[in-house]
Amino acid sequence: MVDGIEGVGDAVTGGMAARAVEPRAGEAAGHAGACLNCGTGRVGDYCHRCGQSGHIHRTLHAFWHDIAHSVLHFDGKVWRTLPLLAWRPGELTRRYIAGERARFVSPMALFLFSVFLMFGVFSLIGGPLELKSHTPGQDRAEARRDFSEQRAESAAELRRLEAALAQARARRGNTASIEGDIRAARFELAVQERAYKFALRLANEEEQREARQAEGKPEGAPDAQDLDIRLKTGWQPFDAAIEKAENNPSLLFYKVQNNAYKFSWALIPLSLPFVWLMFFWKRRYKLYDHTVFVTYSIAFMSLAAVTLALLRPLGIGETPLGLAVAFVPPIHMYRQLRAAYQLSRLGAAVRAFLLLNFSFVAAGLFFSLLLALGVLG
């Protein structure tokens, strides 16, 4: 229930944030007279001194209309933008760069709305593809029992820490460390259900590795866990943070998930150098052009993920959804590149292949950023 409410909140927040950065154009006319904010006589629909709209209302219906307007309407420009973004993304990119700004939703506004909407929908119903965790040798009842035992252990640990805090306060000792542990324990208990499938998958991989070792089957190079090697940077605060994350992976998982949409904007500067690299010798294309391209592209990928996620509960099979996940992004990249940069078929195909690989690199850098923030946070 809480996840559902948070999901709706994310979508609404995204719409209102996008509305905040989107310039107004084509809205209904206001009423003549003086500005109700600064008293200046208006000429047109907006005050030329303070910028306030002449359309002022004081009804509850209008208040909720403003929310719906902020989330869905975008002055009607969204209905001109989305069809082009889906089928003619290169034309949309080129026309926006050329100066057709009032007709379309700006790249950043669409990016904010789509990213918040994606995380909201994923919180409500999950992603396009359902990740299934397998637990060899255990049935569902066993898995649920193990999960209940884990939650009971976490709750017991929280009670122990709270008792230790009460004793420390009675002795008037330093309680900062214990209070930090209590906050971490509460986070862990709150997100344990969300981390359940993730933990089962890790347990499954560990069981398979042990089974291969028991059967004497050859494996690849041993990992750090097999050799009991831990990453040591020499910087004591960072090493302590890494050790704490290893001891409490559920909290780390929660932090990474929570930071994903807060820092989603970082995908734009992370992707920008790769697009510039494909056109650096063409002086007519500026960094601004590449930024518009990248932002519209990420917005489309987010909206496509939302669309596929909404199709899954309708009974669409995993195979069609998997094919869409595999083929829609490169096809969209190809179409956007070809029209936006006036490329030949071969030039667009080569760059689409490169961009697809670059996107995995950018996603890896983004995940590394989230992981570092989760460890140090």
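**View 1. Proline 329 and its contacts.** Apart from neighbours within four places in sequence, proline 329 is in contact (heavy atoms within 4.5 Å) with Met301 and Ala324. Proline 329 belongs to helix α13, residues 318-340; helices (H or I, at least four residues) and strands (E, at least two) are DSSP runs, numbered from the N terminus. Methionine 301 is 28 residues away from proline 329 in sequence, and the C-alpha atoms of the two are 7.0 Å apart. The model is predicted, so local features need pLDDT of at least 70 and side-chain atom pairs count only at pLDDT 80 or more, while totals for chains, interfaces and linings use all residues. Residues are numbered from 1 along each chain as its sequence is written, and side-chain values use heavy atoms, with hydrogens and water left out.

**View 2. The chain as a whole.** Of the 377 residues, 36% are buried; buried means under 20% relative accessible area, exposed over 50%, and partly exposed in between (1.4 Å probe, protein chains only). The accessible surface is about 22700 Å², and carbon and sulfur atoms contribute 62% of this surface. These areas come from the Shrake-Rupley method with a 1.4 Å probe, and for residues only the protein chains shown count as cover. Among contacts with a separation of 6 or more, 69% join residues 24 or more positions apart.

View 3. Helix α5 covers residues 107-125, and its 19 residues should span 27 Å at 1.5 Å a residue; the expected span is 1.5 Å times one less than the number of residues. The end C-alpha atoms of α5 are 26 Å apart, which agrees. Because 14 of its 19 residues are buried, α5 is largely enclosed by the rest of the structure.

**View 4. A network of salt bridges.** Salt bridges (a side-chain nitrogen of Lys or Arg within 4 Å of a carboxyl oxygen of Asp or Glu) link Arg88, Glu91, Arg95, Glu100 and Arg103 in a network. Glutamate 91 pairs with arginine 88 at 3.3 Å, N to O. Glutamate 91 is buried at 19% relative accessibility, whereas arginine 88 is partly exposed at 46%. Glutamate 100 bridges to arginine 95, with the closest N and O atoms 2.9 Å apart; glutamate 100 is partly exposed at 30%. The whole structure has six salt bridges.

View 5. The side chains of glutamate 157 and arginine 160 form a salt bridge at 2.7 Å, N to O. The two lie three residues apart in helix α6 (residues 140-170), so about one helical turn separates them. An α-helix has 3.6 residues a turn, so residues three or four places apart point the same way. Glutamate 157 is partly exposed at 35% relative accessibility, and arginine 160 is partly exposed at 47%.

**View 6. Cysteines without a disulfide.** The whole structure contains zero disulfides (pairs of cysteine sulfur atoms within 2.5 Å). For cysteine 38, which is in no disulfide, the nearest cysteine sulfur is that of cysteine 47, 3.6 Å away. Cysteine 38 is partly exposed, with a relative accessible area of 29%. Cysteine 35 is buried at 5% relative accessibility.
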